[in-house]
Amino acid sequence: MTTAHDFQAARRMPTRGVAHGINRRHALSATLAALSAGLVRAQPAWSARGPVRIVVPFAAGGTSDIVARIVAVRLAEALGQPVIVDNRVGAGGNIGIAAVARAAPDGRTLLLVSSAFVTNPALFADKPPYDPLRQFAPVSLAVSSPDVIVVPATSPFTSLPVLIASAKRRPGAPTYSTPGKGNSVHLGGELLWQRAGIELLHVPYNGAAPAVQAVLGGQVDCALTALPAAKAHIAAGTLRVLAVGSRARWTDLPQVPTVAESGFAGYRSETMQALFAPAGTPIAAIERLHTEVRRILALDDVRRQTRELGFETVASLPADLAARVAEDVPRWTAVAARARIRAD
């Protein structure tokens with residue numbers, strides 16, 4: 001079980017490097033200070049005492065929604081209370097996320113959200129729609145999946161270095177598709193091109209499926225996407241994976257190198273799904289919810305279901321999730337600023 005000691009220990013956790021001189025120590029300290037300030041002293045026990053709502057800021061049927069419903073069914077059994085999935089759609093996830101920031105901090109409102117949680121503020125640098133560092137209490141990272149760079153099986157680009165070499169010879173000529181402008185996949189691509197010193201022409205699509213279809217149909221040279229959207233085509237042999245964005249090789253693709261192994265040490269671009277509560281939620285509630293979510297994510301059937309989606313379960317401590325948010329927000333803000341990516 002997560003204890004108050006875990007939260008205090010988080011104050012001593014280091015963060016990784018962030019581009020453009022972002023003050024890492026300040027970012028992490030601000031996040032963990034907010035986490036500590038937002039949680040009251042532990043109480044002997046906590047009970048939901050009524051329905052629990054998991055807000056998903058995206059439409060029903062998407063990955064966030066599916067993961068939320070997998071967790072909700074089992075969380076309801078554990079708490080002995082109904083757990084309702086509430087889809088609050090709009091503004092790229094901002095409407096649902098902001099609604100949780102304003103919700104009563106009683107442990108009965110949760111947010112299950114993708115990497116948009118840490119990338120959306122980067123697109124609204126002048127007026128962020130919410131503060132991920134101060135307005136939320138982390139519960140647990142739930143699942144994670146690497147972003148991948150894919151090309152048609154017949155493509156002359158046989159590896160990431162070959163693609164990069166081509167872009168260096170023909171700046172701006174290679175094209176790549178993503179599920180949309182400014183999402184985590186797009187920013188992950190821009191981070192890679194920035195580090196490689198190359199330029200590719202970005203072709204955004206309205207969703208992962210059409211972005212993948214574009215590369216299959218030859219409209220673009222390659223696609224950047226979260227693994228679940230390309231998983232079936234990779235298995236069928238119609239797409240080739242040049243690299244995965246996770247820190248380690250993906251279990252189901254052991255022959256595919258990571259981007260880091262391809263010459264970009266420390267690179268990470270993953271699509272996560274994580275659980276948060278409003279800041280100020282009692283630590284006893286966070287502990288109970290974290291404990292139950294951790295147990296749920298360890299169940300064999302849950303691991304199987306999420307694996308079929310292209311994700312692996314990751315039950316992190318709240319402090320670990322806080323540290324990741326503190327690292328990712330300034331990192332993606334710096335990438336977006338350098339690439340001049342802003343919300344339309």
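Author: Twelve of the 13 residues of α7 are buried (under 20% relative accessible area, with a 1.4 Å probe and protein chains only), so α7 is largely enclosed by the rest of the structure. This is a predicted model, in which local features need pLDDT of at least 70 and side-chain atom pairs count only at pLDDT 80 or more, whereas totals for chains, interfaces and linings use all residues. Residues are numbered from 1 along each chain as its sequence is written, and side-chain values use heavy atoms, with hydrogens and water left out.

Reader: Which residue caps the N-terminal end of α7?

Author: The cap is N183, with a side-chain oxygen 3.1 Å from the backbone nitrogen of V185; just after α7, G197 takes a positive phi of about 70°.

Reader: Which residues touch the most other members of the largest nonpolar core?

Author: In soluble globular proteins, nonpolar side chains tend to be buried together. A nonpolar core here is a set of buried Ala, Val, Leu, Ile, Met, Phe, Trp, Tyr and Cys residues joined through side-chain atoms within 4.5 Å. Of the 47 residues in the largest one, L111, F117, F136, L160 and F276 touch the most other members. A second, separate core of 30 residues includes I70, V71, V83 and I286.

Reader: What lines the largest cavity?

Author: Rolling a probe the size of a water molecule over the atoms shows where empty space is left. The lining of the largest cavity includes D147, V148, V185, G188 and Y267, and β4 (136-152) and α7 each supply at least two of the lining residues.

Terms used: Buried < 20%, exposed > 50% of the residue type's maximum accessible area, 1.4 Å probe, protein only. Helix = DSSP H or I, 4+ residues; strand = E, 2+ residues; numbered from the N terminus. Polar contact = N/O pair within 3.5 Å; in protein donor to acceptor, adjacent residues only side chain to side chain. 1 Å grid on protein atoms, 1.4 Å probe; cavity = no way out; pocket = protein on both sides within 12 Å on 5 of 7 lines; lining within 4 Å.
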